[in-house]
Amino acid sequence: MPIRRLPPETVNRIAAGEVVERPASAIKELVDNAIDAGATRIEVEAHGGGLTRILVADDGCGLSAEELPVAIERHATSKLAPDEDGLWDLLRIHTMGFRGEALPSIGSVARLTISSRAKGSSDAHSILVEGGQVGDVAPAAFPGPHGARIEVRDLFYATPARLKFMKSERAESLAITEELKRQAMANESVGFSLDIDGRRILRLPPEHPGPQGRLARLAAVLGRDFQDNAIEIDQVRDGVRLSGFAGLPTYNRGNAAHQYLFVNGRPVRDRLLQGALRAAYADFLARDRHPTAALYVTLDTSEVDVNVHPAKAEVRFRDPALVRGLIVGALRHALAGAGHRASTTVATQALDSIRAQQSPFPGYNPGPSPAGFSAWREGGWTPPTQRPMDLPGLNEVSARVEPSYSSGFGGELAEVVREAYSSVAFEDRPATDYASAAPFDPVDFPLGAARAQVHETYIVSQTRDGMVIVDQHAAHERLVYERMKGEMAAGGVSRQTLLLPEVVDLDPAEAERVVARSEELASLGLVIESFGPGAVLVRETPALLGKTDAAALVRDIADDLAENGQALALKERLEEVCSTMACHGSVRAGRRLNGAEMNALLREMEATPHSGQCNHGRPTYVELKLADIEKLFGRR
């Protein structure tokens, strides 16, 4: 079979299939170009899911008449330049685009029109490309002082086979919206607007550069709840900076769609970063729940390769372990700093549930409120035969009210507070303010003063501006779990020696990865050593696991090392055992607590990190503000 050279049009169409996968891909490339041109406002319009028409307009530096025909040539770009030695360094990319493929790729499969006025020029020009056929540069009307307007019509009309594989207009429109949201989150100082089929979808004004402007942009895209429940992240390690915001563990989702990752301002979908995010929250969420986060990794361009994927959606780090360790460490540090804080959505969900279920007692039929007494006189409403006080359950003891501590506290409670706050300062006040026996009203504590125990399961406490309901079992389970983790970290994991060491056969590369982490595994109680090529010898296992399948455990660790770069399987099993032991060793539901015990539990929660959620990510308490309670009763 003879070898043939493909014509340039066919080459361009093949390349277009890699760069422009769908309408959202075309918009991404055009927005990248606008950002590189220094645009402060970018307007996007799409019709027919982006297949019928796309318009991207910006106020960047624009293109001159001489640059227009060069811009649509393959591998022609203004974003790369040779160094002093004449070398073109692809590891020092400071722009979003750099290959010079976007415009020629789009022009080869669609009808592309570029209109532009260069900065400082009085004239505007345009050029038309249809299915790879380039027209002449001509004078054009342009509304702004400078910038570019790029219009794409009939996307993929020149490649009907690709057109058949497009999804519905709705699916393509959603992909366009998601892409523009990512671009907006990566560039808070740029204003964005998006119209789809004439409908206004996004209007995002420019924000001030910096954390506050970024948080305002994230709130505009992800919702106010994210802003209210986000923890700021800002850590630097060995030249790599991680910034952004991550949601509290109790502010979680059912999928990973609300995880946004950026590297040097570029939206990416990277398995390493996603795995690090999962590992950071592994101790706080159930496996079917996912955290929300917008994380920004900034590092020297020579330390990351963005030229590993045609759509530039993936990156490769020179030191992936450093980046992963930074993400896990920074997130865990920030979550620990959040203390007992739980998401505001917990109270909102509780209130919504109460409102949705605000129905009368069984057997109780209230009359229509507008008619009132007149309806009863006319026979339209019959009062219930059963009095409310005789309803089942109302005469049973369901709560025990504790005395108020209006004039301070002392004795057992004071001793508990001294111990809990011996090394903790709250709201910039030293620990001694709380540990002293001076008069102090416990309602000023974050979780307030215990007033009652309801159904021997829930603690009701009063705060200065509301009330808190605590699940005593879930809360104490978390406290015991954190205590066990601290003891395990301080004293190490106890081991049990196998009577007969077990040989585990692995792929040679897997065995090498596992043996390379032998010291880390030994600190977790698993002692292994190399047993020739492709085999590992297990001598000791963690005592906490009891009788365990060592071979299956080592294989799971090998899979985790290959996928995430960390032995998550062993850590998760140890944490699961600790969680189970904490569950059995904690205060059970149904146990009566006295006032001192309830207050002691509240104080220890305030002094313990992560106590706002149990080991499975569920909230340990719900806080209701007085204003919310008054709304339930129609008082405001």
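Author: Let's start with Val 443, which sits in the loop between helix H14 (431–435) and strand S20 (449–454). Keep in mind as we go that this is a predicted model. Is Val 443 buried or exposed? Its relative accessibility is 4%, and because buried means under 20%, Val 443 counts as buried. What does Val 443 touch, once you leave aside its neighbours within four places in sequence? The contacts are Gly 448, Ala 449, Arg 451, Gln 462, Thr 463 and Arg 464.

Now on to a sheet. Here 3 strands form an open sheet in the order S23-S25-S24, with antiparallel pairing. S23 and S24 are the edge strands, each pairing on one side only. From one strand to the next, the twist averages 15 degrees. Strand S25 (residues 535–542) is mostly covered, with 7 of its 8 residues buried. On one pairing, strand S23 (residues 495–505) is joined to S25 by 7 bridges. If you want to find that pairing on screen, look for Glu 502 opposite Val 538 of S25, or for Asp 505, whose bridge partner in S25 is Ala 535. On the other pairing, 4 bridges join strand S24 (residues 527–530) to S25, again running antiparallel. There, Val 527 stands opposite Glu 540 in S25. S24 and S25 make a hairpin with 4 residues between them, and Gly 532 in the turn has a positive phi of about 85 degrees.

There is another sheet to see. This one is open too, with 5 strands in the order S10-S11-S16-S13-S14 and mixed pairing. Its edges are strand S10 (230–237) and strand S14 (266–268), each of which pairs on one side only. Ignoring direction, neighbouring strands here are turned by 20 degrees against each other on average. Inside the sheet, strand S11 (residues 240–247) pairs with strand S16 (residues 293–298) in the antiparallel sense, over 6 bridges.

Helix H7 (residues 211–222) packs on it, touching S10, S11, strand S13 (259–263) and S16, and its direction makes about 40 degrees with that of S11. H10 lies across S10, S11 and S16, and runs at about 140 degrees to S10.

H10 also has a helix partner. The axes of helix H9 (residues 271–281) and helix H10 (residues 320–337) come within 9 Å and cross at roughly 35 degrees. That crossing is right-handed. Among the residues making the contact are Leu 273, Leu 277 and Tyr 281 of H9, along with Val 323, Ile 327 and Leu 331 of H10. By class, the contact has 13 nonpolar, 1 polar and 2 charged residues.

One last stop is helix H6 (residues 169–186). How far apart are its end C-alpha atoms? They are 26 Å apart, which agrees with the 26 Å that its 18 residues should span at 1.5 Å a residue. The buried residues of H6 include Glu 172, Ile 176, Leu 180, Arg 182 and Met 185.

How values were computed: Residues are numbered from 1 along each chain as its sequence is written. This is a predicted model: local features need pLDDT of at least 70, side-chain atom pairs count only at pLDDT 80 or more; totals for chains, interfaces and linings use all residues. Side-chain values use heavy atoms; hydrogens and water are left out. Axes are lines fitted to C-alpha atoms, for helices over the stretch in contact, and angles run from 0 to 180 degrees between N-to-C directions. Helices (H or I, at least four residues) and strands (E, at least two) are DSSP runs, numbered from the N terminus. A crossing is left-handed if the near helix is turned anticlockwise from the far one by less than a right angle, and right-handed if clockwise. Contact means heavy atoms within 4.5 Å. Ala, Val, Leu, Ile, Met, Phe, Trp, Tyr, Cys and Pro count as nonpolar, Asp, Glu, Lys and Arg as charged, and the others, Gly among them, as polar. Two strands pair if DSSP finds at least two bridges between them. The expected span of a helix is 1.5 Å times one less than its number of residues. Buried means under 20% relative accessible area, exposed over 50%, partly exposed in between (1.4 Å probe, protein chains only).
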